[in-house]
Amino acid sequence: MSSLSVENLSVEVNGKRILDEVNLAIPKGEVHVLFGPNASGKTSLLMTILGFPNYKVVSGEIWFNGVSITNMSTDERVRLGIGVAFQNPPAIRGVKLADILHNFLKSEPEAKKKEIELCETLNFTKDFLSRDLNLCFSGGEVKRSELLQILAQKPSFVMLDEPDSGVDIENLGVIGKVINDFLKERSGLLITHLGYILRYVKADKAHVLIEGKVACSGKPIKILDQILKEGYGWCEKCLKIEKKC
Ligand SMILES: Nc1ncnc2c1ncn2[C@@H]1O[C@H](COP(=O)(O)OP(=O)(O)O)[C@@H](O)[C@H]1O
Ligand SMILES: [Mg+2]
């Protein structure tokens, strides 16, 4: 288990402010949800936590297990135990899904057997491993492939960026169960736009990001109910009067 906190974080991309004084604390063993309309900065927050160079931290600090990671490289952050399932991972011709799994599992006993078990858990046949990464994968296959890599990597803190978007109902059940089991022993941040995944995943707290700012924080189900009833306009009101839900 790991803890992550973000303090007064402001971020720019190409000179444009996309995160504004964001504060977030995810204690050890907790799973938090990040809601927000399109383009509110959810993915940018993940990219910044991972240390992608395009996302320029103009102020604030990111802490992981009590250590400032604000100026670390992405490699160092990942080695400390941060994992991510991307919203839109790139297709990489020539890199097989199997290559990535081998790399994560190489030091494990019975790595081959483990690989097959992980494929079965995520509803993949073994031949899928010889496909080029994300090349011509369906929307649901992309999401399951991201999770397959997470299960092999076993990060202590995992960020999942819209794992439920574009996934059909059968696969939503598969993905939901896998994520919930994985998070039982871990901490994480789960981005979901419409909250489908919350039918399966137990989360401790939710935050709503509006125009790069945390508009409110509270119980995931309560916040989701309000968003589904009133839309994100409800959260914009919160932001204006700085109300905490
Ligand atoms: N690398 C980038 N280059 C230019 N603009 C970006 C980049 N990353 C994010 N943005 C912009 O920042 C805003 C927030 O994007 P994003 O974090 O992807 O939102 P969300 O995940 O909430 O939909 C959007 O207006 C987006 O176009
Ligand atoms: Mg996004």
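This is a predicted model: local features need pLDDT of at least 70, side-chain atom pairs count only at pLDDT 80 or more; totals for chains, interfaces and linings use all residues.
Ile210 is buried, with 20 other C-beta atoms within 10 Å; a residue counts as buried if 20 or more other C-beta atoms lie within 10 Å of its own, as exposed if 12 or fewer do, and as partly exposed in between, with C-beta atoms placed from the backbone. Ile210 belongs to strand β11, residues 205-210. Helices (H or I, at least four residues) and strands (E, at least two) are DSSP runs, numbered from the N terminus. Ile210 and Pro37 are 173 residues apart along the chain, and their C-alpha atoms are separated by 7.0 Å.

Residues are numbered from 1 along each chain as its sequence is written, and chains are lettered from A and ligands numbered from 1 in the order in which they are written.

Ile26 counts as buried because it has 21 C-beta neighbours inside 10 Å. Which residues does Ile26 contact, leaving aside its neighbours within four places in sequence? They are Ser3, Leu4, Ser5, His32, Ser187 and Leu189, where contact requires that the two C-beta atoms, placed from the backbone, lie within 7 Å. Between Ile26 and Leu80 there are 54 residues of sequence separation and 16 Å of space, C-alpha to C-alpha.

I turn now to the ligand. Around ligand 1 one finds Val13, Asn14, Ile18, Gly36, Asn38, Ala39, Ser40, Gly41, Lys42, Thr43, Ser44 and Asn54; the criterion is a C-beta atom, placed from the backbone, within 6 Å of the molecule. By type, this shell comprises three nonpolar residues, eight polar and one charged. For these classes, Ala, Val, Leu, Ile, Met, Phe, Trp, Tyr, Cys and Pro count as nonpolar, Asp, Glu, Lys and Arg as charged, and the others, Gly among them, as polar.

Which helix gives the most to the shell around ligand 1? It is α1, residues 42-50, with three residues. Helix α1 is itself mostly covered, eight of its nine residues being buried. The buried residues in α1 are Lys42, Thr43, Ser44, Leu45, Leu46, Met47, Thr48 and Ile49. After α1 comes Gly51, with a positive phi near 85 degrees.

Two further residues deserve attention for their backbone angles. Most residues other than glycine have a negative phi. Asn123, although not a glycine, has a positive phi of about 65 degrees. Asn123 sits in the loop between α4 (111-121) and β8 (132-133), and is partly exposed, with 17 other C-beta atoms within 10 Å. Cys136 is likewise not a glycine, and its phi is positive, at about 60 degrees. Its place is the loop between β8 and α5. Is Cys136 buried or exposed? Cys136 is exposed, because 8 other C-beta atoms lie within 10 Å.

Axes are lines fitted to C-alpha atoms, for helices over the stretch in contact, and angles run from 0 to 180 degrees between N-to-C directions. The crossing of α3 with α5 is right-handed; a crossing is left-handed if the near helix is turned anticlockwise from the far one by less than a right angle, and right-handed if clockwise. On the α3 side, Leu97, Ile100, Leu101, Phe104 and Leu105 meet Ser145, Gln149, Ala152 and Gln153 of α5. This contact of α3 with α5 holds six nonpolar residues, three polar and no charged.

Helix α5 also packs with α6, residues 169-183, their axes coming within 11 Å and crossing at roughly 20 degrees. Helices α5 and α6 are therefore roughly parallel to each other, and their crossing is left-handed. From α5, Gly140, Lys143, Arg144, Leu147, Ile150 and Leu151 meet Asn171, Ile175, Val178 and Phe182 of α6. The contact of α5 with α6 divides into six nonpolar, two polar and two charged residues.

Finally, Glu230 lies in α7, residues 220-230. Glu230 counts as exposed because it has 11 C-beta neighbours inside 10 Å. From Val142, Glu230 is 88 residues away in sequence and 31 Å away in space, C-alpha to C-alpha.

Definitions and conventions
Angles under 35 degrees count as roughly parallel, over 145 as roughly antiparallel, 65 to 115 as roughly perpendicular and the rest as oblique.
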